[in-house]
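I set out to record what can be read from the fold and from the packing of its elements. The entries below are kept in the order in which I looked things up.

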Amino acid sequence: MGILDKIKSFLPKKKEPELKNNVPKEKENIRKTFGVYCRNNHGTEGDKLCPKCTALLTTVFTKIGRCPYGIGKPICDKCETPCFGENATKEFRNVMSSSQRKMLMSHPMMTIKHKLQGLGVDYAKQERDKKSTDKQKQDEEKIKNKINNAMKSPKSSKTKAKSKAKKKKK
Ligand SMILES: [Zn+2]
């Protein structure tokens, strides 16, 4: 055991950040939203769903179980690669968005939490887009600088190329 390893063994071990499993909560939210939607649009009673909504909900739950993003998934209403199929995704998003107000009345906390999660996804997307444009700008600058350097001092760029070639040989 080296000295470094010994020191490391005394230090508190870093805990891996725990991945929160939001899937059960999301499923509950979706199930309740479907209940609200079906009651208001298809005249069902209580938590019962009509056959059409039952079928759609079954599809949604099956797909969530196989979600490639795992338990850290974005909420399905905000997913960029929805896996329910075109029609089911459209119907699902319609159910979720049109029942939001009524859900807020009957399950305020749950609805607000779901909304916040959605906002989190939006924020992450924004940050990612920002980063990618920043990177593009940086790349553009680099290319510009390279061109400028090559125009100004052709010799230095040649020597650089030579040293690179040497490194490759090694
Ligand atoms: Zn229904």
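My notes go from the overall fold to single elements and then to one packing contact.

Entry 1, overall fold. I note at the outset that this is a predicted model. I counted 7 helices and 0 strands in the protein.

Entry 2, burial and contacts. I looked up the share of buried residues and found 14% of the 170 residues in the protein. I then took the contacts with a separation of 6 or more, and 61% of these join residues 24 or more positions apart.

I checked the length of helix H6, which runs over residues 108–152. At 1.5 Å a residue, its 45 residues should span 66 Å, and I found its end C-alpha atoms 65 Å apart, which agrees. I next asked how many of the 45 residues of H6 are buried. The number is 2, so I recorded H6 as lying largely in the open.

I turned to helix H2 (residues 23–42) and helix H4 (residues 86–98), whose axes are 9 Å apart and meet at an angle of about 85 degrees. On the H2 side of the contact I listed Thr-33, Phe-34 and Tyr-37; on the H4 side, Val-95, Met-96 and Ser-98. By class, the residues of this contact are 4 nonpolar and 2 polar, with no charged residue.

How values were computed: Residues numbered from 1 in each chain as written. Predicted model: local features only at pLDDT ≥ 70, side-chain atom pairs only at ≥ 80, totals over all residues. Helix = DSSP H or I, 4+ residues; strand = E, 2+ residues; numbered from the N terminus. Expected span 1.5 Å × (residues − 1). Buried ≥ 20, exposed ≤ 12 C-beta atoms within 10 Å, placed from the backbone. Axes fitted to C-alpha atoms, helices over the stretch in contact; angles between N-to-C directions. Contact = placed C-beta atoms within 7 Å. Nonpolar A, V, L, I, M, F, W, Y, C, P; charged D, E, K, R; others polar.
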